[in-house]
Amino acid sequence: MGRERWRAIGSVLWRSVAVWLVSTLTMLALAGILPDFQLQADDDDSATRIASTAALGAGAFGLLSSLVWPLLVRALLLVPALVLGLLAFALNGSLLLLALSLIPDGRGEANPETAVVVAAVMSAVASATGGALAVRDDDAYRRRLYRLADRRRRRLAESRVGPVPPGTVFMQLDGVGHDVLCAAMDKGLMPTVAGWLGQGREATHRLTPWRTDWSSQTGASQLGILHGSNHDVPAFRWYEKDTGEVMVSNRPASAVELQRRAIERTGDGGLLTVDGASRGNLFSGGAEQVALVLSMAARRGKENRSRAGYFAYFCDPANAVRTALSFVAEVGREIGESTRARLGKRRPRVGRGGLYPFIRAFATVVERDVVVTAVIGDMLAGRSAVYADLVAYDEVAHHSGPRGGDVDKVLQRLDRSLALIAKVAEHAPRAYRIVVLSDHGQSPGETFQARYGLTLADLVRAGCGLPVPRKAQRTHSGAEARSTVRAALRRPVEEGAGQHRPAHRAEPIVLASGNLGLVSFPDVAHRMTREEIELRHPALLPTLANHPGVGFLLVHSQERGAVVLGARGAEVYLDERPGDLGPLADFGPGAAEAVRRTDGFPHAADIMVNSWYDPQEGEVLAFEEQIGSHGGLGGAQAQPFLLSPLVLSAPVDEGDELVGAERVHDVLRRWLGEYLGPEIPLVTGVARTTDDSRPVDPDGTAFAVVDPAAQDKTH
């Protein structure tokens, strides 16, 4: 034991000295290259004194980075996360200037701009050197992971009699459909996932497709998965007549309310109430440990730990600099990709200018790095259940399309993140079962506006006999990553009801959720029936139903309830199982049941509009500015996946289908109960603690310092 300890100490000292020497050489090289950076006095020093100056400067900078940097980041935790990431360069430069000022005789000197460059390069080089040495020393890497987990392991051992049961990590790859995952494995883009499924070795996992509800978007799916109910979530955004508000799934105030309603309906706190952690999600799932969770972002004060994940990640200056550099590289990559698409006149295509390159970089770099680091910390802390969402693919696919070279690179990076998590699982204080799933897929296709030169709102106004603007206004994209960015910036997330409220109360409110549109008349307190709509606006329903860009409408008949309308007078009543599905026939199995369920929601719109769908090409027409969309019925958007270890029971019996997010919740809860026993209730409706506003222990969240060589940050 003593020999092992001295060996570990010697290994740490060796790596520290090696990093110091490399940093010294780096500082010497930069002093020779940069004219405004010098390591010698005005009377000209000898080579020996210059080298000693560089050694002192590198040592002082390393110590300050280790000791002062975490304190600076904690002091700046109230600063918006994106700003903090960009401040990494300035803070590092300031530490370098301070380190140079500590050198005797004033031999070190640099102007502020040069100091920023030197500090960034030295941090990157030191991080790469330390990581390379650690990777080469597998024993050192293993000791490091066990050291991080040792405290929690002892607590688990003291608190339990017998062996510690395995934990479960749920990794959600936002928007990655079953078809995209299979194609990525066939192309060799996701070797980690392919290996789990038996490509080149014995299979350890099974792949199960599942089918979403009509509202195929993260708000409905994740609420159902984490909280067991997505009742009365008809779309990504919808108008509620009783409150006069527009609910938006990725707005913090709406997320809080949706989570409250789900808990009230089920009488259960959520999937993660027992020693769970929620990372990068819209909802908490009842977890005490949260980071980057939107339903917590609306809360102020010490009980809101949602943004604490930024501190845990950026407290390491190497992480901050590396992520900032990768952020800049991703912005450049997006500008290059969009320029090539524009010059090549690719079709379909949507605008990718403005702030979008920065939003994409945040989703594919910052959010990924922070969430993966948080998950690793949870595993090393030995938490029972972790659920995390990686939104990178979904954000890029909205603007680049679900298939192609642009999204292929994102899928490769997601696979590397899964590989890193699997590696860490080998060294965690308890065994972990890694479950990978998605909340929906994406369907390709151009926008409704691009094909027909008008928006859905324009078409509705025309059907109502109202004036139509000469120039169609651009619809708002509801990509989930935008909410995370705005929450990080502490700006209001998404639009409020006022943005959609018409100039006159009698005019309709038209909302878009991918290829699903919702039409509401705010001056009528109840949901209008088909008969009332036809009496008030005789041309509206025929105008919509007969438009070539519309697949079908759902309205509610006063006499027979839900009725689906299609072109040329086609109609299907859903009060009984129809023999002829009419306009729903092309939308696949389960379409009628999904539509019937939505019709029963208290806040279903007066008119629900699903776009046209081409079953041969799998294309839809988005009512938003997206060429990869989801939110309604039609194609791959409603076909996500569930990848589970074989040691867990099968999600469904052979021959059965897994349908709906609520049923996925039941499956995940059953899996947690298979090992954890009675502390995970298997029956919904059993009351548990439902107060998600309770304070969270600030010392309870454990985050790992990720081995920089283990996860690719720039490619």
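Reader: How many salt bridges does the count come to by this rule?
Author: The count comes to 33 salt bridges, where a salt bridge is a side-chain nitrogen of Lys or Arg within 4 Å of a carboxyl oxygen of Asp or Glu. Bear in mind that this is a predicted model, where local features need pLDDT of at least 70, side-chain atom pairs count only at pLDDT 80 or more, and totals for chains, interfaces and linings use all residues. Side-chain values use heavy atoms, with hydrogens and water left out, and residues are numbered from 1 along each chain as its sequence is written.

Reader: What makes Asp408 and Lys187 a salt bridge?
Author: Their side chains meet at 2.8 Å, N to O, and the limit is 4 Å, so the pair qualifies.

Reader: Why is Asp408 called buried?
Author: Buried means under 20% relative accessible area, exposed over 50%, partly exposed in between (1.4 Å probe, protein chains only). Asp408 has 15%, so it counts as buried.

Reader: And why is Lys187 called exposed?
Author: Lys187 has a relative accessible area of 52%, which is over 50%, so exposed it is.

Reader: How do you know that Lys241 forms a salt bridge with Asp606?
Author: The closest N and O atoms are 2.9 Å apart, which is within 4 Å, so the pair passes. Lys241 and Asp606 are both buried.

Reader: What makes Glu334 and Arg352 count as buried?
Author: Glu334 sits at 0% relative accessibility and Arg352 at 11%; both values are under 20%, so both residues count as buried.
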